[in-house]
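Please read them beside the coordinates.

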Amino acid sequence: MPFSFDNLPVTTLIGADSKTFDCVTEGINIDKVEKFRATKLCQRLLSPLYRLNDSAYQHLDTQEIKAPIFIIGHWRSGTTFAHNLLSRDMQFGYCTTYQTVFPHLMLRGRGIMSHIAALVMPTSRPKDKAVLSISQPQEEEFAIANMTHAAYYHALIFPQLMGLYREKYLLFNGSSEQDIGDFCSATKRVIRTALHCQGKSHFLSKNPPHTARIPILLSMFPDAKFIYIFRNKGDVLRSTKEFFRQTTDAVALQNISTQQLDYKIVKTYDAVIDKYEQDRILIPEGSLCEVSFEHLTSHPQSCVEMIYKRLGLKMR
């Protein structure tokens, strides 16, 4: 029987390796103790399988990753719609929902675990009720957060620290070279493993946090392509506030008032958009396509054709 977002007994940290789990939880105030204990128990039980997966990864082909396509834009701007639309092109590989929750079980144990996950995971997202399944395209930040402390989505589990995670692991302000290196390593590993599992060579990413990480992404993938989805600020903030409230209610291990959360969301919106506007000039000509939510949703076919033309992509 699938759980709903209203009664999830654990957080997504069940998919974290022990080093990451201990790093992000050590010394942190925990309000939802029972959920924390259940998450830790599941994580520890699965940890031996995670180590087998890590061993298998060492034997993967280390061929260079073809220039990824990054769908970026603030949360609730239409990035999921764009991802679902473009992922129908069979040339692209992507992270599935299963892979983002269990990035350490992408190579070993995925048969039995994907079956279990399909039985218990929610069948729809909060707010928009978009259908969820273990095989659908998903944003890789969830996977990165289960592989390193240097990921923004730990802020969903520890919302009282959202400002800290925004500065250090979304904007990477004042972060160490080790932090940046850990983030890059986890990102490359997620992409390489997902492509291996799907037998593809061209990765299609959808990850709102990447909107503020253009310099880092270009340092990893100089030939990357970017699709930026934008939407009216008022509509985005109204939708984001509700979406984050429901998400943190489901997965957070800390309590936070609605007023505090809304304030942090507005601060993050301004920071992300400002960072994008500042860094977009770094993207080489012909590697960026900006698309409005209204155009994307009202004329999806012509919009996709425009994206392919501007980015020099061939449809297959």
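1. Basis. This is a predicted model, in which local features need pLDDT of at least 70, side-chain atom pairs count only at pLDDT 80 or more, and totals for chains, interfaces and linings use all residues. Residues are numbered from 1 along each chain as its sequence is written, and side-chain values use heavy atoms, with hydrogens and water left out.

2. Terms. On a 1 Å grid over the protein atoms alone, a cavity is a set of points where a 1.4 Å probe fits but cannot get out; a pocket is an open set with protein on both sides within 12 Å along at least five of seven lines; and lining residues have an atom within 4 Å of a point. Points are joined across faces, edges and corners, and a volume is the space filled by probe spheres set on them.

3. Second largest pocket. Its volume is about 320 Å³. Of the 13 lining residues, D17, K19, T20, M147 and T148 lie nearest the centre. Helix α9 (177-198) is one of the elements that supply at least two residues, as is α1 (18-25); α9 gives the most, with four. Helices here are DSSP runs (H or I, at least four residues), numbered from the N terminus.

4. Cavity. One cavity of 30 Å³ or more is counted, and the largest cavity has a volume of about 40 Å³. H74, W75, Y152, M162, T240, F244, I265 and T268 line it, with α11 (233-251) and α12 (258-279) each supplying at least two residues. Five of the lining residues are nonpolar, three are polar and none is charged.

Note on methods. Ala, Val, Leu, Ile, Met, Phe, Trp, Tyr, Cys and Pro count as nonpolar, Asp, Glu, Lys and Arg as charged, and the others, Gly among them, as polar.
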